[in-house]
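This briefing covers a single-chain model, grouped by topic. Please read it alongside the sequence and the coordinates.

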Amino acid sequence: MIVFLVVLPWVAVFARNFSQDFDLTWGSDRVRILNNGELLTLSLDKDSGSAFQSKNEYLFGKISVQLKLVRHCHILASQGSTWDEIDFEFLGNLSGDPYTVHTNVITEGKGDREQQFRLWFDPIADFHTYSIIWNPHVIIFYVDGTPIREFKNLDSTKVPFPESRAMRIHSSIWNADDWATKGGLIKTDWSKGPFTASFRNISAQACIWASGSGAYPCSSNSWLAKQLDAPSLERLMWVQKHYMIYNYCIDLKRFPQGLPLECAATT
């Protein structure tokens, strides 16, 4: 966790260039930045995966990236023992099987808020857009502009919501065949590697902490007050009816003492 002892102003940021706006955090020899910083690839082999993270830390924003998938993780995360994290993970199985999109919201180091989905297209065949809107009211997960999940800020229920810790964008590709591939039943076939995921058109319409003093310029951005309207809620419900495969809010075996508080009021 990054601790700030003074109140700092906000600056609107539009991160678009992988060379200028992101750092390689591990497996740098397995990362390629192409097309003048507009395209980045992460690769995984039997020895190592690879990862990058944003130079800036954000508190609220609209984060979008176009991905052509292999297994990898795309998250917003803070640091420290009581960290916050917003997860968009993609779990592969056998070649030809559908991907599982795994979402989670972690606040103060506590998660257990997983929802999982199948996709209605082949995410390996072409680029698709994955987005997160995170504002003081709600977190919304989107696939190609279609909302698949919302996590509301329910102040009245005292459910923790990530609203005080700045986060970086993290993305990685790594071997998770001990748990992610049908519970670890399917192991990675390294003869088909290396496995490569491609990223382009990444954007962070967001705010970062900056030194000095000033006004709050993000108030005019539409994402800052964004909530799902009736047509968007209908699309979300359609996705959850047809493509959701796991929802912690109905898992009574996992929570025999009672479902989490937010499950009564959030989708």
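A salt bridge here is a side-chain nitrogen of Lys or Arg within 4 Å of a carboxyl oxygen of Asp or Glu. By that rule the count comes to 8 salt bridges. The model is predicted: local features need pLDDT of at least 70, side-chain atom pairs count only at pLDDT 80 or more, and totals for chains, interfaces and linings use all residues. Residues are numbered from 1 along each chain as its sequence is written, and side-chain values use heavy atoms, with hydrogens and water left out.

**Overall make-up**

- The secondary structure comes to 2 helices and 16 strands, where helices (H or I, at least four residues) and strands (E, at least two) are DSSP runs numbered from the N terminus.
- Of the 267 residues of the chain, 53% count as buried; buried means under 20% relative accessible area, exposed over 50%, and partly exposed in between, with a 1.4 Å probe and protein chains only.
- Among contacts (heavy atoms within 4.5 Å) between residues at least 6 apart in sequence, 68% join residues at least 24 apart.

**Nonpolar core**

- A nonpolar core is a set of buried Ala, Val, Leu, Ile, Met, Phe, Trp, Tyr and Cys residues joined through side-chain atoms within 4.5 Å.
- The largest such core has 59 residues, of which Phe 88, Tyr 130, Trp 134, Ile 139 and Phe 199 touch the most other members.
- Strand S15 (residues 195–209) supplies the largest share of this core, 7 residues.
- In soluble globular proteins, nonpolar side chains tend to be buried together.

**Helix H2**

- Helix H2 (residues 230–243) has 14 residues and should span 20 Å at 1.5 Å a residue; its end C-alpha atoms are 20 Å apart, which agrees. The expected span is 1.5 Å times one less than the number of residues.
- Ser 232, Leu 236, Val 239, Gln 240 and Tyr 243 are the buried residues of H2.
- Seen down the axis of H2, these buried residues fall within an arc of 105°, so they line one face of the helix. The arc is taken over the directions from the helix axis to the C-beta atoms.
- An α-helix has 3.6 residues a turn, so residues three or four places apart point the same way.
- Ala 230, Glu 234, Met 237 and Lys 241 are exposed on the other side of H2.
- The cover over the buried residues of H2 includes strand S10 (115–118), strand S13 (146–152) and strand S16 (244–247).

- Side chains of opposite charge can pair when their charged atoms come close.
- Lys 55 pairs with Asp 23, with the closest N and O atoms 2.6 Å apart. The pair links distant parts of the chain, 32 residues apart: Lys 55 is in the loop between strand S5 (50–54) and strand S6 (58–68), and Asp 23 is in strand S2 (residues 22–26).
- Lys 55 is partly exposed at 38% relative accessible area, and Asp 23 is partly exposed at 30%.
- Asp 112 and Arg 254 meet in a salt bridge (3.1 Å, N to O). Asp 112 lies in the loop between S9 and S10 and Arg 254 in the segment after S16, so the pair ties together parts that are 142 residues apart in sequence.
- Lys 152 forms a salt bridge with Glu 150, the closest N and O atoms being 3.8 Å apart. Lys 152 is partly exposed at 32% relative accessible area, whereas Glu 150 is buried at 5%.
- A network of salt bridges links Asp 29, Arg 30 and Asp 45.

**The loop between S9 and S10**

- Arg 113 sits in the loop between strand S9 (100–106) and S10 and is buried, with a relative accessible area of 5%.
- The side chain of Arg 113 makes a polar contact with the side chain of Thr 107 (3.1 Å). A polar contact is a pair of N or O atoms within 3.5 Å; within protein, one must be able to donate a hydrogen and the other to accept it, and residues adjacent in sequence count only if both atoms are side-chain atoms.
- Leaving aside neighbours within four places in sequence, the contacts of Arg 113 include Arg 149, Phe 151, Tyr 248 and Glu 262.
- Most residues other than glycine have a negative phi.
- Glu 108, in this loop, has a positive phi near 55°, and Asp 112 has a positive phi near 60°.
- Glu 108 is partly exposed at 48% relative accessible area, and Asp 112 is partly exposed at 36%.
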